[in-house]
Amino acid sequence: MRLPMDLAKPTRLMVALAGCALAVLLNTGDAIGQPSTPSAPVSTPPPGSAGTGDEVVQTQWGPLGPADRDFMNRVKQAGLWEKPAGEKGKAKRADQPKIQEACKHLIEGHTLLDNVVNRAGVLLGHTLPTEASDEQKGWLAEMDAADGDAFDVVFANRLRAAHGKVYAFASQIRAGTKNELIRILSTQAMITVFDHMKVLEDTGKVDFSSLESPQPLAPPTTTNDTAAADQAADASTNPTDGVVPTVPEGTRFTRTAEKGVFGDNNGVFFGAIAVLALALVGMRLISRQKQKTRRKSRSY
């Protein structure tokens, strides 16, 4: 019996077409993900040149004000007590998987944030704190004094309450800062802190009734106030906005942190995956048809 056609050819054709489509998608994604202008040289200002008090300092990344400096300090100090808290939990509660998981996230997350905020401090000329606050040291002392379930309660509630405050502050900074590096830092902080809140809540030890209740937003400003705010924003526009910072490898201190997992290319990436999936399904169907045809030929 004569076979209807050589089924190997359609298979090769489908693989070739899928490969071409994938290459086009990925090349398009690469083009989309690249900045429109080349990076400008990065200069490192002297330590301590980032300003103090209410001073606003002009940097190559945009204006740096008191709230920006305060935010960097808080991110740094968070790591100075939350990483040790994670290490204490790992040592004290080795038999508690959910506590262990929370500790793992705390240590890894604040290692990443430390890299980011340390780099921001260097690029902006801001000297960061080197030790936790007295209040934070007190929380660590509470954990040292507690054991068993009592440790779990102190651990989960102290850390969850602190993360809630930092998350709120990070979102406020992200919404209004004029400095590009602070926007990147606050974005990464929100990603990391949200992850930490979730794993702490997953321990089942968080007392939500003890958390500070959210407050309503302030009423809208008047027209005159809005106009004044717009004028102030225009006056402080960063003339070098769009400069891409050079950052240490292995951190998320890039523009990608402000976007999806694959930067601007989330849609492109998943489109490429869809093309591959369709190609595999088509190949499978052709293979089955080929097997059926062979069986029929043998039956004759």
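**Pockets, rings and buried residues**

Author: The lining of the largest pocket comprises 32 residues, and those nearest its centre are Ala161, Ala162, Gly164, Lys165 and Val166. The model is predicted.

Reader: How much space lies in the largest pocket?

Author: About 890 Å³.

Reader: What makes it a pocket and not a cavity?

Author: The way out. A pocket is an open set of points, while in a cavity the probe fits but cannot get out.

Reader: Which helix gives the most to the lining of the largest pocket?

Author: H5, with 11 residues. Helix H2 (66-92), helix H4 (134-145) and H5 each bring at least two residues to that lining.

Reader: How does the lining of the largest pocket divide by class?

Author: There are 15 nonpolar, eight polar and nine charged residues. Among the residues nearest the centre, Ala and Val count as nonpolar, Lys as charged and Gly as polar.

Reader: How many cavities of 30 Å³ or more does the structure hold?

Author: One. The largest cavity has about 40 Å³ of space.

Reader: Which residues line the largest cavity?

Author: Val75, Ala78, Glu82, His110, Leu113, His163, Val166, Ala189 and Val193. Val166 is also one of the residues nearest the centre of the largest pocket.

Reader: What is the division by class there, in the lining of the largest cavity?

Author: Six nonpolar, two polar and one charged. Glu counts as charged, and Glu82 is in the lining.

Reader: Where does the lining of the largest cavity come from?

Author: H2, helix H3 (97-124), H5 and H6 each supply at least two of its residues. The largest share is three residues, from H2.

Reader: Now the rings. How many aromatic pairs does a search of the whole structure find?

Author: Four. In one of them, phenylalanine 151 and phenylalanine 155, the ring centres are 5.6 Å apart and the planes stand at 25°.

Reader: Why is that pair, phenylalanine 151 and phenylalanine 155, called stacked?

Author: Two values decide. Centres must lie within 6.5 Å for a pair, and planes under 30 degrees apart count as stacked. With centres 5.6 Å apart and planes at 25°, this pair is therefore stacked.

Reader: Where do phenylalanine 151 and phenylalanine 155 lie?

Author: Both are in helix H5 (residues 148-176). They are four residues apart, about one turn of the helix.

Reader: How do you know that phenylalanine 151 is buried?

Author: Buried means under 20% relative accessible area. Phenylalanine 151 has 0%, so it is buried. Phenylalanine 155 also has 0%, so the conclusion for phenylalanine 155 is again buried.

Reader: Why are the rings of tyrosine 167 and phenylalanine 194 called tilted?

Author: Their planes stand at 45° and their centres are 6.2 Å apart. Under 30 degrees counts as stacked, over 60 as edge-to-face, and the rest as tilted. An angle of 45° belongs to the rest, so the pair is tilted.

Reader: What makes this pair, tyrosine 167 and phenylalanine 194, a link between distant parts of the chain?

Author: Tyrosine 167 is in helix H5, phenylalanine 194 is in helix H6 (residues 180-201), and 27 residues separate them.

Reader: Why does tyrosine 167 count as partly exposed?

Author: The class runs between under 20% for buried and over 50% for exposed. Tyrosine 167 has 26% relative accessibility, so it counts as partly exposed. Phenylalanine 194 has a relative accessible area of 47%, so it too is partly exposed.

Reader: Is alanine 120 buried or exposed?

Author: Buried, because its relative accessible area is 0%. Alanine 120 is in helix H3. Its C-alpha atom is 7.7 Å from that of isoleucine 182, 62 residues away along the chain.

Reader: What makes leucine 181 count as buried?

Author: Its relative accessible area is 0%, so it is buried. Leucine 181 belongs to helix H6. Its C-alpha atom and that of aspartate 68 are 9.7 Å apart, across 113 residues of chain.

Reader: Where is the place of aspartate 207?

Author: In the loop between H6 and helix H7 (223-235). Aspartate 207 has 37% relative accessibility, so it counts as partly exposed.

Reader: What does the secondary structure of the protein chain come to?

Author: Eight helices and two strands. Along the sequence the pattern is α-β-β-α-α-α-α-α-α-α.

Note on methods:
Residues are numbered from 1 along each chain as its sequence is written. This is a predicted model: local features need pLDDT of at least 70, side-chain atom pairs count only at pLDDT 80 or more; totals for chains, interfaces and linings use all residues. Side-chain values use heavy atoms; hydrogens and water are left out. Rings of Phe, Tyr and Trp (its six-membered ring) pair if their centres lie within 6.5 Å; planes under 30 degrees apart count as stacked, over 60 as edge-to-face and the rest as tilted. Buried means under 20% relative accessible area, exposed over 50%, partly exposed in between (1.4 Å probe, protein chains only). On a 1 Å grid over the protein atoms alone, a cavity is a set of points where a 1.4 Å probe fits but cannot get out, and a pocket is an open set with protein on both sides within 12 Å along at least five of seven lines; lining residues have an atom within 4 Å of a point. Grid points are joined across faces, edges and corners, and a volume is the space filled by probe spheres set on the points.
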